[in-house]
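I opened this notebook to keep a record of what I looked up, residue by residue and ring by ring. The entries follow the order in which I made them.

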Amino acid sequence: MRSYSLIASAKINLYLEIIKDRPDDYHDLVMVLQSINLADRVDLRPLKNDTICLHCNHPEVPQDHRNLAYKAAALMAQKFPDAFAKYGGVDITIDKRIPVGAGLAGGSTNAAAVLVGLNLMWNLRLSISQLQYLGSLLGSDVPFCIVGGTMLATGRGEYLTRLPVIDSFYAVLAKYRSLSVSTAWAYQTFRHQYLSSHALDTVAVVGCKQRTYSEQMVSAITRHNKKQICQFLHNDLERVVLPKYPQVQKLRDEFQRLGCSVMMSGSGPTMFALTKSQQEAQQVVEAVKMAIPDPDLDLWISKFTDTSIRVESFSE
Ligand code: C5P
């Protein structure tokens, strides 16, 4: 049986608007998601017994059933017991390059890689939409991570419409290594402050219900209008994450001072700034490093990509 080595890309949110809270504790969203070429490598090796093993080179990533990639393998074993019995278990090794707890869907993309990889390894011939359905049982961003590219996502994030590819944008990513944000905390805080009947800021609640800029963003993407794409970047979760983490607000301010189009990705705390060339991205990195010479601040240059999960190699 074959071993597979998969490349699993991170994503950024060019747009994230919270439409309303839902009885299941999730939120209805409108998002524009974009794959970037910052990626983990996920190696899958067949095991002769019926176990699932997971290893990761990042100390903060759980290496057991709490890991979303492990849960993806367990879900496949549960849904396809005959294949699991026939082909045996799997050894998953994650080479982590995507920062953890960063709002870049690192865990979701690893889970997506396991679904795609086991589909191949166990000869299941599942369609993309079947894989996406399984992904939706694991997390809201997993269905996107199965396909990647540039997508409009609605509902919990699982209803996806492909948008035209935005090529040749670079994203400078910046994240404080020691800082991570709980996605559940960010959404629950937003719900409490801006959506519930007990919301503290009633003006904000009314404003929130009236705002929908997503159409402008989608139209800018459809027309390949880079200037407007930069103009319509939006993320509602900045309103709860930035006040709690002043250093992230300062980082954002610094990008803005440099004239960058900047936004937080997902529930943060990663900030990204869009540039039109690698050279411009490099200049931004140097300028931010100079302005904030904090050894805890990591910066990456990434490029927009139109795929998320890709088989890099396989061996018998
Ligand atoms: O789906 P996932 O497990 O990635 O979501 C993590 C947390 O983010 C959820 O527990 C929920 O609190 C919040 N969330 C939400 N609405 C969404 C997606 C996520 O409230 N559409």
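Entry on Ser-108. I began with the burial of Ser-108, in what is a predicted model, and found a relative accessibility of 11%, which lies under the 20% limit, so Ser-108 counts as buried. I then placed Ser-108 in the secondary structure and found that the residue belongs to helix α3. Which residues are in contact with Ser-108 once its neighbours within four places in sequence are left aside? I noted Leu-68, Asp-141, Val-142 and Cys-145.

Entry on aromatic pairs. I next searched the whole structure for aromatic pairs, and the search returned 5 of them. I looked into the pair of Tyr-4 and Phe-314, whose ring centres lie 5.9 Å apart with the planes at 45°, so I logged the pair as tilted. Where in the chain do Tyr-4 and Phe-314 lie? Tyr-4 is in strand β1 (residues 3-21) and Phe-314 in strand β12 (residues 309-315), so this pair ties together parts that are 310 residues apart in sequence. I also checked the accessibility of both partners: Tyr-4 is buried, at a relative accessible area of 7%, whereas Phe-314 is partly exposed, at 46%.

I went on to Phe-84 and Trp-122, where the ring centres are 5.8 Å apart and the planes stand at 45°, so this pair is tilted. The pair links distant parts of the chain, 38 residues apart, with Phe-84 in helix α2 (residues 81-87) and Trp-122 in the loop between α3 (106-121) and α4 (128-136). Are Phe-84 and Trp-122 buried or exposed? I recorded both Phe-84 and Trp-122 as buried.

Entry on charges over rings. I then turned to arginine side chains and noted that the charged end of Arg-156 sits over the ring of Tyr-26, at 4.6 Å from the ring centre. For Arg-239, I found the charged end over the ring of Tyr-194, with 4.1 Å to the centre of that ring.

Entry on Glu-215. How far apart are Glu-215 and Gly-155 in sequence and in space? I wrote down 60 residues in sequence and 16 Å in space, taken from C-alpha to C-alpha.

Key:
Residues numbered from 1 in each chain as written. Predicted model: local features only at pLDDT ≥ 70, side-chain atom pairs only at ≥ 80, totals over all residues. Heavy atoms only, no water. Phe/Tyr/Trp six-rings, centres within 6.5 Å; stacked < 30°, edge-to-face > 60°. Helix = DSSP H or I, 4+ residues; strand = E, 2+ residues; numbered from the N terminus. Buried < 20%, exposed > 50% of the residue type's maximum accessible area, 1.4 Å probe, protein only. Lys NZ or Arg CZ within 6 Å of the ring centre and 35° of its normal. Contact = heavy atoms within 4.5 Å.
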